[in-house]
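Colleague: Could you walk me through the side-chain contacts here? I'd like to look at the model while we talk.

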Amino acid sequence: MKTYQCVICGFVYDEAKGLPDDGIAPETPWVDVPEGWVCPECGAEKSDFEEMAG
């Protein structure tokens, strides 16, 4: 599983954990996160996230 970080605020999306409060189940791959989803911390778009080196 990979992690992705918001380049605006630093929020990290962890595929292993998902975001259950946003309706994204654990182990949801980044590609399956809906395009309309936004960063829960700053409202940035999905395109403002970068894959983190693992």
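**Charges and rings**

Modeller: Let's start with Trp37, which counts as buried at 8% relative accessibility; buried means under 20% relative accessible area, exposed over 50% and partly exposed in between, with a 1.4 Å probe and protein chains only. Keep in mind that this is a predicted model, where local features need pLDDT of at least 70, side-chain atom pairs count only at pLDDT 80 or more, and totals for chains, interfaces and linings use all residues. Residues are numbered from 1 along each chain as its sequence is written, and side-chain values use heavy atoms, leaving out hydrogens and water.

Colleague: Which residue forms an aromatic pair with Trp37 that is edge-to-face?

Modeller: Rings of Phe, Tyr and Trp (its six-membered ring) pair if their centres lie within 6.5 Å; planes under 30 degrees apart are stacked, over 60 edge-to-face, and the rest tilted. Here the centres are 5.8 Å apart, with 85° between the planes.

Colleague: Which residues do ring pairs link into a cluster?

Modeller: A search of the whole structure turns up six aromatic pairs. The cluster linked by ring pairs consists of Tyr4, Tyr13, Trp30, Trp37 and Phe49.

Colleague: Which residue lies over the face of Trp30?

Modeller: A charge sits over a ring if NZ of Lys or CZ of Arg is within 6 Å of the ring centre and within 35 degrees of the ring normal. In this case the distance from the ring centre is 5.2 Å. The residue over Trp30 is Lys46.

Colleague: And which residue meets Lys46 in a salt bridge?

Modeller: A salt bridge is a side-chain nitrogen of Lys or Arg within 4 Å of a carboxyl oxygen of Asp or Glu, and this one comes in at 3.5 Å, N to O. Both residues lie in the loop between β2 (12-14) and β3, so the pair ties together parts 11 residues apart in sequence.

Colleague: How many salt bridges does a search of the whole structure find?

Modeller: The whole-structure count of salt bridges is two.

Definitions and conventions
Helices (H or I, at least four residues) and strands (E, at least two) are DSSP runs, numbered from the N terminus.
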